[in-house]
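Subject: Structure handover

Hello,

Here is the structure I promised to pass on. Please open it next to this message, and read my notes below with it in view.

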Amino acid sequence: MKEKTKNILLMILKIMLQTDVSSPLNATQIVQLAETAGCLCERKTVLRNIKCLQQNGYDILLHPNHRLGFYMASHSFEDWELKLLMDSVYNCSFLTAEQTENLARKLKDFAPASSLSLLCCDGIPMQNKPDKSYVKYNLDCILHAIKNKAAITFNYGQANIKGEFIARKKGKKYVVNPYTVVLSEQRYYLVCNTKKHDGIGYYRLDRIRNPEPLTDSCLPLHSLPGFEDDNSLAEYIGKTFYMHAGNEITVTLQCHTLCLDDVSEKFGKNCTFEYLNDECFRITGNVVESDGFYYWLLQFGKNVEVVSPPSVRCHLLDIIKDIEIAYSPQPL
C-alpha cells in the first residue's frame, strides 16, 4: 500500500512539472492523465497529494480562475536554459541518434507543456550522427579516474581513409595523469600530464581506445612547474587555441576593427589594448604558441598582423609561403 501511495505521489509530481500558469490542470484532468499512464487514483487523492507537495516546498499554485486548476509556478530550468541544454545534446558529435533522443526525452520532463515546442531541434540532421558511442564509455572511465586521483592508460590514434582505427606508437599504451575533461568545438578533450614530461597535454576522447585506470596515484597538478596556483590550469587552457599544447609567450597583434569581437573574446581581460584609429587597434597578451595558434591567425588573413615577437612573425610568413607553393600552378 505504501508503494502504491508513493507511486501516485510521484506520478502527480511528474504531471505537475508539465504545467505552468498558461497550461494549468484541474483535478479531473490530472486523474485522466494518471490513468493513461497506468496509475489509478481519485480526485480527492490528487488534491491531498498536491497539498503534500506544497508542504514539501513545491511551488504549486491554484490558478486565479479556480476552475482551471493548479500549476507549477517555478521550475528547475528557465526556457532558455532548457533550450541551451537541448541544443548541446543534439549537437554533441559522439552521441548516437538513440542516445540523443533518450537524453532529449529526459530534458523534456523538466519543461511545461507550453514550452515543449521551443525545444525542438528539427534543423539538426540526426541521420548524419556517426556511431561514436564508445566516447561515452571513455568519458565515464576518465571521470572516475580523475575522481579517484588515479593515473590512466589508453591507446591513442585515429581512423584512416577506410575508417579503420590506427593506433599510434605501434599500439603501445599511453600512461598519463588526468586532471580534467573540457569541451571545445563540440569535442571532449582529456587534459593531462604524461609520465615523461612536466607540461600539459590534450587528447581527444574520440581518438582514445581501451582506457583503464591504474592503481598508481595521479601526480598532483600543483607539482608541475607553472601550475602551482589553483587557477593556473584554467588560465593555461584559456590561452590555448583549438586545444593544442605548447609554451606560453607574449604576442602583440595589429588588427582591423572587423576582428574586434573575435580577438577580444579570445584574449579576454588579461591584455593591453590600444586603439590606433577608427579601423585599427593593437592588442598584447599571453598565448600558448602552437599549431593551433597559427591556424587561428590564418583565418583572419590580412586583417590581423603579428607585430611581435619576430620569431612568430617569421614562422607565420613561412606557413603562408608554403600555402602559396601548394596553390601554385603545377606543370602537367
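**Cysteines**

Cys-271 is partly exposed, at 22% relative accessibility. On that scale, buried means under 20% relative accessible area, exposed means over 50%, and partly exposed is in between, with a 1.4 Å probe and protein chains only.

Before going on, some ground rules. This is a predicted model: local features need pLDDT of at least 70, side-chain atom pairs count only at pLDDT 80 or more, and totals for chains, interfaces and linings use all residues. Residues are numbered from 1 along each chain as its sequence is written, and side-chain values use heavy atoms, with hydrogens and water left out.

How many disulfides are there? The count is 0, where a disulfide is a pair of cysteine sulfur atoms within 2.5 Å. Cys-52 is in no disulfide; its nearest cysteine sulfur belongs to Cys-41, 14 Å away. Cys-271 is in no disulfide either; the nearest cysteine sulfur there is that of Cys-255, 10 Å away. Cys-52 is partly exposed, with a relative accessible area of 29%.

Element names follow DSSP runs, numbered from the N terminus: helices are H or I runs of at least four residues, and strands are E runs of at least two. Strands pair if DSSP finds at least two bridges between them.

Start with strand S6, residues 187–194. Of its 8 residues, 6 are buried, so S6 is largely enclosed by the rest of the structure. S5 and S6 run antiparallel and are joined by 8 bridges. Asn-177 stands opposite Asn-193 in S6. The two strands form a hairpin, with 2 residues between them. Glu-185 sits in that turn and has a positive phi of about 55°.

Strand S7 covers residues 201–204 and runs antiparallel to S6, with 4 bridges. Leu-190 has Tyr-203 in S7 as its bridge partner. This hairpin runs through 6 residues.

**Pockets and the cavity**

The search uses a 1 Å grid over the protein atoms alone. A cavity is a set of points where a 1.4 Å probe fits but cannot get out. A pocket is an open set with protein on both sides within 12 Å along at least five of seven lines. Lining residues have an atom within 4 Å of a point. Grid points are joined across faces, edges and corners, and a volume is the space filled by probe spheres set on the points.

The largest pocket holds about 350 Å³. Its lining has 13 residues; Ser-88, Val-89, Cys-92, Leu-95 and Tyr-188 lie nearest the centre. Helix H4 (79–91) and helix H5 (97–108) each give at least two lining residues. H4 has the largest share, with 4 residues. By class, the lining has 9 nonpolar, 3 polar and 1 charged residues. Here Ala, Val, Leu, Ile, Met, Phe, Trp, Tyr, Cys and Pro count as nonpolar, Asp, Glu, Lys and Arg as charged, and the others, Gly among them, as polar.

The second largest pocket holds about 290 Å³. Of its 15 lining residues, Glu-185, Thr-240, Tyr-242, Lys-266 and Trp-296 are the closest to its centre. Strand S5 (174–184) and helix H8 (260–267) are the elements that give two or more residues to this lining. The lining divides into 8 nonpolar, 3 polar and 4 charged residues.

The whole structure has 1 cavity of 30 Å³ or more. The largest cavity has a volume of about 50 Å³. Its lining is Ser-93, Phe-94, Val-135, Gln-186, Arg-187, Tyr-188, Leu-205 and Asp-206. These divide into 4 nonpolar, 2 polar and 2 charged.

Ser-290 is in the loop between strand S11 (280–289) and helix H9 (291–298). Is Ser-290 buried or exposed? Ser-290 is buried, at 8% relative accessibility. Leaving out residues up to four places away in sequence, Ser-290 touches Phe-241, His-244 and Ala-245, a contact being heavy atoms within 4.5 Å.

In H9, the buried residues include Gly-292, Phe-293 and Trp-296. Their cover includes strand S9 (247–256), H8, S11, strand S12 (304–308) and helix H10 (310–327).

Thr-215 lies in strand S8, residues 208–217. Thr-215 is exposed, with a relative accessible area of 81%. The C-alpha atoms of Thr-215 and Ile-152 are 8.7 Å apart, with 63 residues separating the two along the chain.

Best wishes
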